[in-house]
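Here's a quick tour of one protein model, written for someone just getting started. Have a look at the sequence and the structure first, then read on.

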Amino acid sequence: MSFPNVLYGEHGFEKSVTTSKKNRIGTKLVLPDGREFNYCLAGEAITAGLVTMSATEPGADHDTDLAVATAAAVGAQTLTLTNGGTTAITANQFDDGYVYVNDATGEGQTFKINSHSTAATGAALTINLYDNDSVRTALTTSSQCGIQKALGSDVEIFDVNDIDGIPLGVPVCDVASGSYFWNQTKGPAAVLTNGTVVIGKNVMTGSTTDGSVDVMADDSSAEFLIGGVIAVAATTEYSFVDLNIRG
């Protein structure tokens with residue numbers, strides 16, 4: 001099955017929501033007016049106009065330091081790791097995700113996951129890379145890796161009290177949990193507003209209201225830039241924002 005990574009669609013395509021997967025997670029949709037969207041999977045019900053974030057992958061103990069069970073030579077397209085976490089891994093749980101070398105020999109390399117096996121706690125996890133991808137610096141059994149789900153998998157509303165990942169976009173229609181949808185990342189969008197925002201100024205992820213934006217106090221703010229204000233609405237309403245979330 002072929003999955004183009006950039007699609008060009010007509011106005012209205014961005015409101016397509018399905019329970020079956022139609023594209024790879026992260027596929028980009030570009031509309032005639034230049035607005036951009038990324039294909040995502042909702043991990044919970046999401047209301048239109050709320051800022052979303054990536055979710056912590058199930059069993060955060062898979063993030064880093066998984067031992068390489070079998071050395072991988074230059075050119076290898078299969079990696080075998082030991083699931084040293086406390087959570088079993090199901091087949092293709094990390095669909096469209098990544099494996100990266102976080103420590104020791106070969107560190108700094110990143111690979112896209114094509115498919116992978118199941119792995120009980122302490123068991124071997126076999127990860128298959130794509131046909132045109134391979135190990136460039138050999139890995140030894142001292143190397144350590146992390147695995148990460150695709151950023152657009154199990155997307156959540158940005159929770160100011162429980163930040164699990166980076167902001168990913170703003171949906172333009174309501175999305176049911178478990179549905180695939182287009183998450184807007186660039187261009188004009190209606191976004192939930194918290195406090196008093198200012199036309200022509202940047203807004204950041206909200207500091208007190210989930211899924212909202214606040215005016216950006218200064219460039220040193222620790223919050224995440226969402227975009228610039230085109231038209232101001234009152235707090236709890238939806239301002240028009242020129243999004244600039246992801247490339």
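Let's start with Asp65, which counts as partly exposed at 44% relative accessibility. Keep in mind that you're looking at a predicted model. Asp65 sits in the loop between strand E4 (52-53) and strand E5 (66-70).

**Two aspartates with a positive phi**
- Asp65 isn't a glycine, yet its phi is positive, at about 65 degrees.
- Asp96 isn't a glycine either, and its phi is also positive, at about 65 degrees.
- You'll find Asp96 in the loop between strand E6 (78-82) and E7.
- Is Asp96 buried or exposed? With 1% relative accessibility, Asp96 is buried, because the cut-off for buried is under 20%.

**The seven-stranded sheet**
- Seven strands make up an open sheet with antiparallel pairing, in the order E8-E7-E11-E5-E6-E10-E9.
- Strand E8 (110-112) and strand E9 (115-116) are at the edges and have a single partner strand each, so one side of each has no neighbour in the sheet.
- Zoom in on strand E7 (residues 98-103) and strand E11 (residues 144-148): they run antiparallel and are joined by five bridges.
- Asp103 stands opposite Gln144 in E11.

**Ile163 and its surroundings**
- Ile163 lies in the loop between strand E12 (156-157) and strand E13 (167-171).
- Ile163 is partly exposed, at 48% relative accessible area.
- Which residues does Ile163 contact, leaving aside neighbours within four places in sequence? They are Met53 and Phe158.
- Ile163 and Ile230 are 67 residues apart in sequence, and their C-alpha atoms are 27 Å apart in space.

Technical notes:
Residues numbered from 1 in each chain as written. Predicted model: local features only at pLDDT ≥ 70, side-chain atom pairs only at ≥ 80, totals over all residues. Heavy atoms only, no water. Pairing = 2+ DSSP bridges. Helix = DSSP H or I, 4+ residues; strand = E, 2+ residues; numbered from the N terminus. Buried < 20%, exposed > 50% of the residue type's maximum accessible area, 1.4 Å probe, protein only. Contact = heavy atoms within 4.5 Å.
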